[in-house]
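Good morning, and thank you for coming.

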Amino acid sequence: MTSYSFLDVGFTYESLRAEMDAAYARVMQSGLFIGGPHLDAFEREFADYCGASHCVGVGNGLEALILPLKARGIGPGDEVIVPANTFIATWLAAAQTGATLVPVDADPHTMNIDIDAALGAITSRTRAVMPVHLYGQPVPMARLTEAARARGILVLEDAAQAHGGTFAGRRAGSLGDAAGFSFYPGKNLGAFGDGGAVVTDDAELAAAVRMLSNYGSHIKYHHEEIGTNSRLDPLQAAFLSVKLRHLEAWTRQRRAIAGVYLSRLSGIDGLTMPGIAPDTDPVWHLFVVRHERRDDLQKALVARGVPAALHYPVPNHHSGAFRAGYGHLSFPVTEAICRTCLSLPIGPHLTLAEAEEIAGIVADCVSDL
Ligand SMILES: Cc1ncc(COP(=O)(O)O)c(C=O)c1O
């Protein structure tokens, strides 16, 4: 039996070994292991790639979301609108500031934040809204951004899963006031360890994030704020610069695999395909289908060598971290997604022939349920 892998983070090293080894040697020989030209270069390249003016490398994707909120002074008494259906980091980031989370349910078609629900959740205390481009599906955020800007509300994209995804021809990272990216190894653009970045057009916000991420200091030993230590190290930055040059090719492969799944699996009774919002071009970090007998389907797929996975099975408001404050709320669309979602393997490590085979196995398994 053929066995497929869900994710192969070693694939990028193997396929780019000479470039990666050269990048490693350059950083080692530079003798600079915090900051320096390799970090500066990646920050410039990634800002350009996103179509934004500034990029600040930080320690991970969670901190790339916390820092812009803190830089804007968001804290206790403020409200932050978040999607109910997201990885828990979005909620953790807002919660770490001491603000009150205002979760809103998902759009059943795209599984992303329901824009009308988000607009309806704005109050006089709202200080930020965090649209998440979940699974690599960009949020069509024009109305949300317009409403937020009119009220001085920060629009912070959670772009951890969406490097290169576009809405209305613009890339994630240039759609709101600021964006937090993750370079966790399994992400579309992943480091060989933790990493993250804040991308923005706002020079003041970028400077404030940089200061907070560096002990609250612009000038050595002059500490203006209670900051933290959250930096992208130059070794990871040098690896990311190499990978960034290949990201578009990898994204094309993800899109081609998604095309195979969509054409082979759409219309199968009981199996719901991920919906794509108008004017968006997803980057397919995950390919999430839904089925009422999800657990049985997952078992059948795993038995046939297809490692289908769950993103995410527990709604954030039912998690131990948030149950006390938000467990009484009800988000029926999100709860249904968590109960029925199943992620099929996708990524540049898979060939189109393998995607065809996987699609055939999925179709068989659904009809045998
Ligand atoms: C939607 C989302 N937001 C934020 C994060 C946090 O990123 P990191 O794991 O780099 O802290 C992740 C990734 O894990 C994510 O998927």
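**The sheet and a helix pair**

An open sheet of 7 strands runs in the order β1-β9-β8-β5-β4-β2-β3, and its pairing is mixed. Strands pair if DSSP finds at least two bridges between them; strands (E, at least two residues) and helices (H or I, at least four) are DSSP runs, numbered from the N terminus. The edge strands, β1 (54-58) and β3 (100-104), each pair on one side only. On average, neighbouring strands of this sheet are turned by 25° against each other, direction ignored.

This is a predicted model, in which local features need pLDDT of at least 70 and side-chain atom pairs count only at pLDDT 80 or more, while totals for chains, interfaces and linings use all residues. Residues are numbered from 1 along each chain as its sequence is written, and side-chain values use heavy atoms, with hydrogens and water left out.

Which strand pairs with β1 over 5 bridges? That strand is β9 (residues 196-200), and the sense is antiparallel. Within this pair, V56 stands opposite V198 in β9.

I turn now to the helices. The axes of α4 (residues 61-71) and α8 (residues 203-213) come within 9 Å and cross at roughly 115°; axes are lines fitted to C-alpha atoms, for helices over the stretch in contact, and angles run from 0 to 180 degrees between N-to-C directions. The two helices, α4 and α8, are therefore roughly perpendicular, a term for angles of 65 to 115 degrees. Contact means heavy atoms within 4.5 Å: L67, P68, K70 and A71 in α4 meet L205, A208, V209, L212 and S213 in α8.

Definitions and conventions:
Angles under 35 degrees count as roughly parallel, over 145 as roughly antiparallel, 65 to 115 as roughly perpendicular and the rest as oblique.
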